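Please read them alongside the sequence and the structure.

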Amino acid sequence: MKAVVMAGGFGTRIQPLTNSRPKPMLPIMNKPMMEHTMMTLKDLGITEFIVLLYFKPEIIQEHFGDGSAFGIKITYVVPDDDYGTAGAVKLAEEYIGNENFIIISGDLVTDFDFQKIFDYHKEKKSKLTITLTSVDNPLEFGVVIANEEGKIEKFLEKPSWGEVFSDTINTGIYIIEPEILEYIPKNENYDFSKDLFPKLMREGVDLMAGYSEGYWRDVGNPESYRDVYDDILTGKVKFNIDGEKTHFPDGVLYSDGSYSFDKSIEIVGTVVLGKNVTLKKDVKLKNVVIGDNVTIGKESKIRNSVIWNDVEIHAKAKLDGCVICNDNMIGKNVTANAGMILAEGCEIGQLTKIEQDVIIWPDKKIEDASIVSHSLILGNKYKNSIFVNGMVVGKSNVELSCEMATKLAEAFGAQLPVGSTVLVSRDYHKSSRMLKRAFLGGLLSAGVNVIDYNDIPSAVLRCNLSAYDIYTAGVYFRQKTDDPTSTVITFYNDEALRISSDVAKKVEKSFFKEIFRRVDYSNIGEIHSSDHEKEYQAYKEGIEALLPSLKDAECRVAVDMMHGMAADVFPDILNDIGVENIMFNAYANEHRLANINALIKQSRQDMKAVIQALNLDAGFMLHPYGQRLDIIMDDGQVLGKQDALYAVMLLLDMEAKDAGHKKRVFLPTWAADIVYFENLEIERGQYANFKAEKMKKYDLVATGEGNFAFTEFATHRDSMFASLKILEMMLHHKVKLSEMIASLPSFYYQTTKVECRQALKGKMMRMFLADAKGKESSTLDGVKIWLDTNDWILMIPDQYRDHLNLYIQSENEEKGKAILAEYSAKIEQWSKE
């Protein structure tokens, strides 16, 4: 028998615990939840697992790998869309084979006797067995009625109390014979309970009820997560706690290694410790589970709590019934009453008191002696900043609520003159529409007029914003590319560039102090809607005027719109110019955008096949929000970011040679510099707070991430114009991308991330500077150290996340890998010192 593990959910109801990880990876007794389930099945002889992923799949894949470290074999299936529970299993059909299999969720905790479930399925000669159990509150589950023979007669999905006819519910654990997969359509959204089970019953296939007694809990929200721990630690669930066992007068300790504690430390009930835990004098722990790299200060009292990894709790803290996530610092004399959830990356000042059932979302900084009586979400006065590079990012309808959007608009509007006009637009997602509408009201109350573009590509908004002096600012709402549960609000100045850090700070000050400008009723702003026709026409004409040589050019390209907003205008531009093209994914589909990595992988495969089969000149993948561009060569290979940058620079170098004067380029400090371009003046530095006047000094501003701003058209990044400009230069110089890349010298260039806690970033800068002594170095952005003429390493601490960004260039792979290994070891050593 094989096991299919459902591990693709977003974990929306259990936020913020799932802020940086999928729900099946939430730790239970210091191991991911789904690991416990998989190891239970392994003990029964199941060694082949098929894991269905969707949300943040890389985290699960990195932990389990191919399964060999756990004594099992794992095959991963990552759907490119939301196909429902049964539809997702259908995608795994080729891996399931011709034997029966068990389906189980990765986000539950149970002590069911699975062998009894298997035996019952075999005894009944069942085609599909649904495991049932009794619960006190069946409202959130599917209620099931079966007859005396075990045949299921009736389902009711998530009933009201008036509809409850049984306390027996569907646990989501199924034993299925392979022929049942024939009833599931492929590549359709198809659900077990809503679609498959009714269909099987209509067609006379008996569904059998395998009733199980024991503990079963769907860990669906923070309360149930906390309850699971309480049930384990008080013995309500049969659970094997790993580790070395040490008895104390009033309790028992399970630990990953041997610990020697001061006699003053009290262990009461069941306590579990991970690796590298420090307990200071007079600490008292009662029913507590602690992860790795945790320090608890003297005289602290903690009970009925869960503490993840890399947490520092200072002296005399009193915590009761809390869940403390990774990378938190809790100051002296902090008191948290029952029920606190502290998400990752927070800092709680000393003498703070936190009332009952407060949830504190990620990256909050709470000042000393605060009294926190309500949950802290994005925009709360305890948060030290809202903006990140001119953007506000948050969980849709949670961190970024309608109230938050309105207040943000009032704060932004207060910085603009009364009667000024702002352009506002969005992508096609429901959350973007909702938040934009709330935002408009805040602008109007500040006496600001709005041109509402509704859904339009951000590049078109920015083009019009920079073209007309009557517009003061622009705001764009979109879904976060790598997190479909979050929204990004981007603020632009009158030059169509992101607002500067100074402006962002003024907006934040107004927001936090609630210094808003509520104008007289006669000065309230007005909304004017646009049908896009004028804006699209101006955008098209601007592009066509700059690229006349493309008109009816003899070339054929493939273009993947990746379900982005550019699909509303770019196909028309290509057709008007007369560029023969094959278009992919030129329609809205938020489900496919929800798993951007799967979309990118499939798009690259499709583009490669078509370009090779039809002998096309090139391919372009326009990422959903109109900025990043992937370039595909005439041989079907996708250019890496560095090769794409060099290809564009080679073309620009040819342009400069023909023009008889050098062209200017701005690049980030970490871009490779091993190739010399005779006709280009290249400046490297930190791209931040640029104004249009400075941008226009360069012919090209590139980030090295697939973003190109050709300033002859606009000072902002625009993948639509960039793709056409690149195509024009290729045709003008009669070159193929594959030949250009082949002409470049081979060298080693690598970017990587190394974990580093926020508190250690300053130390890492200091250690790198010390290491740079006696060597050629630069501190323009991070610390860059030359180890040879063309060999260097650059370290830039990530501004917002807990890691260091390393960039390495070397003349060959052997030397490059040696540099990476050397400095990785140094960082590890420096972190311990």
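1. This is a predicted model. The buried residues in question are G816, I819, L820, Y823, I827 and W830. They share one side of α21, because the arc they cover around the axis is only 100 degrees. An α-helix has 3.6 residues a turn, so residues three or four places apart point the same way. On the other side of α21, E814 and K832 are exposed.

2. As to its length, helix α21 runs over residues 813–832, which is 20 residues. From the first C-alpha to the last, α21 reaches 29 Å, close to the 28 Å expected at 1.5 Å a residue.

3. Is M765 buried or partly exposed? With a relative accessible area of 25%, M765 is partly exposed, because buried is kept for values under 20%. Leaving aside neighbours within four places in sequence, the contacts of M765 are G782, V783, M795 and P797. G782 lies 17 residues from M765 along the chain, and the C-alpha atoms of the two are separated by 7.4 Å.

4. A separate point concerns two other helices. Helix α10 (residues 458–467) packs with helix α12 (residues 533–546) at an angle of about 85 degrees, and their axes are 10 Å apart. The two helices are therefore roughly perpendicular, since angles of 65 to 115 degrees are counted that way.

5. Which residues of α10 and α12 meet? From α10 they are A459, V460, C463 and N464, and from α12 they are E535, Y536, A538 and Y539. By class, six residues in the contact of α10 with α12 are nonpolar, one is polar and one is charged.

6. The last point is about S396. Where is the place of S396? S396 sits in the loop between β33 (391–395) and α8 (402–413). The relative accessible area of S396 is 16%, and S396 counts as buried because that value is under 20%. Leaving aside neighbours within four places in sequence, S396 is in contact with S431, T485, S486 and T487.

Methods. Residues numbered from 1 in each chain as written. Predicted model: local features only at pLDDT ≥ 70, side-chain atom pairs only at ≥ 80, totals over all residues. Heavy atoms only, no water. Helix = DSSP H or I, 4+ residues; strand = E, 2+ residues; numbered from the N terminus. Buried < 20%, exposed > 50% of the residue type's maximum accessible area, 1.4 Å probe, protein only. Contact = heavy atoms within 4.5 Å. Axes fitted to C-alpha atoms, helices over the stretch in contact; angles between N-to-C directions. Parallel < 35°, antiparallel > 145°, perpendicular 65-115°, else oblique. Nonpolar A, V, L, I, M, F, W, Y, C, P; charged D, E, K, R; others polar. Expected span 1.5 Å × (residues − 1). Arc of directions from axis to C-beta.
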